[in-house]
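Take a moment with the sequence and the fold. Then follow the pairing of the strands, step by step.

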Amino acid sequence: MEERLPTHLFVQSHLWRLSAAGVPAYVLRKGERESGLILLKITVPFQGSRMFSQGRDISGRLGWQPGANGEMIDEMAAREFVERHVKRDPDLWVIEVETRDGSNPFVEEKT
């Protein structure tokens with residue numbers, strides 16, 4: 001498995017980067033500081049939200065899987081999605097980000 005930043009530092013660094021870019025982002029729920037995984041709610045104003053769950057792939061690398069079949073969902077469905085996942089994993093962090101295109105700004109760019 002790869003080395004990784006503790007979750008609280010990973011979240012903080014991404015929130016600072018998004019803030020500097022003028023992208024609204026909020027911590028809706030703090031999870032386990034060192035190793036909690038992250039659930040992202042990507043909100044597109046007046047359209048709905050896309051959900052992304054952080055998890056490990058078969059080789060142990062962290063990545064993002066789209067939730068709700070990658071579909072845009074309404075606020076009630078997004079809340080239910082979050083509740084189900086938090087019930088399953090109480091160490092989960094929940095972050096909301098507002099974007100215009102519904103993309104995941106936590107995805108690392110590979111160069």
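Ile42 has Val97 in S5 as its bridge partner. This is a predicted model, where local features need pLDDT of at least 70 and side-chain atom pairs count only at pLDDT 80 or more, while totals for chains, interfaces and linings use all residues. Residues are numbered from 1 along each chain as its sequence is written, and side-chain values use heavy atoms, with hydrogens and water left out.

Start with the two strands behind that pair. Strand S2 covers residues 38-44 and runs parallel to S5, joined by six bridges. Two strands pair if DSSP finds at least two bridges between them. Strand S1 (residues 25-29) runs antiparallel to S5, with four bridges between them.

Now turn to S3, residues 48-56. Six bridges join S3 to S2, and the two strands run antiparallel. Here Leu40 stands opposite Phe52. Three residues lie between the strands of this hairpin, where Phe46 takes a positive phi near 70°.

How many residues of S2 are buried? Seven of the seven are, so S2 is largely enclosed by the rest of the structure. Buried means under 20% relative accessible area, exposed over 50%, and partly exposed in between, using a 1.4 Å probe and protein chains only. In a regular strand the side chains alternate between the two faces of the sheet. In S2 both faces are covered. Ile38, Leu40, Ile42 and Val44 are buried on one side, and Leu39, Lys41 and Thr43 on the other. Strand S5 (residues 93-98) is mostly covered, with five of its six residues buried.

Step back to the chain. It has two helices and five strands, in the order α-β-β-β-β-α-β. The radius of gyration is 13 Å, close to the 13 Å that the globule rule gives for 111 residues, so the chain is as compact as a globular protein of that length. That radius is taken over C-alpha atoms, and the rule is 2.2 Å times the number of residues to the power 0.38. Helices (H or I, at least four residues) and strands (E, at least two) are DSSP runs, numbered from the N terminus.

Buried residues make up 40% of the 111 in the chain.
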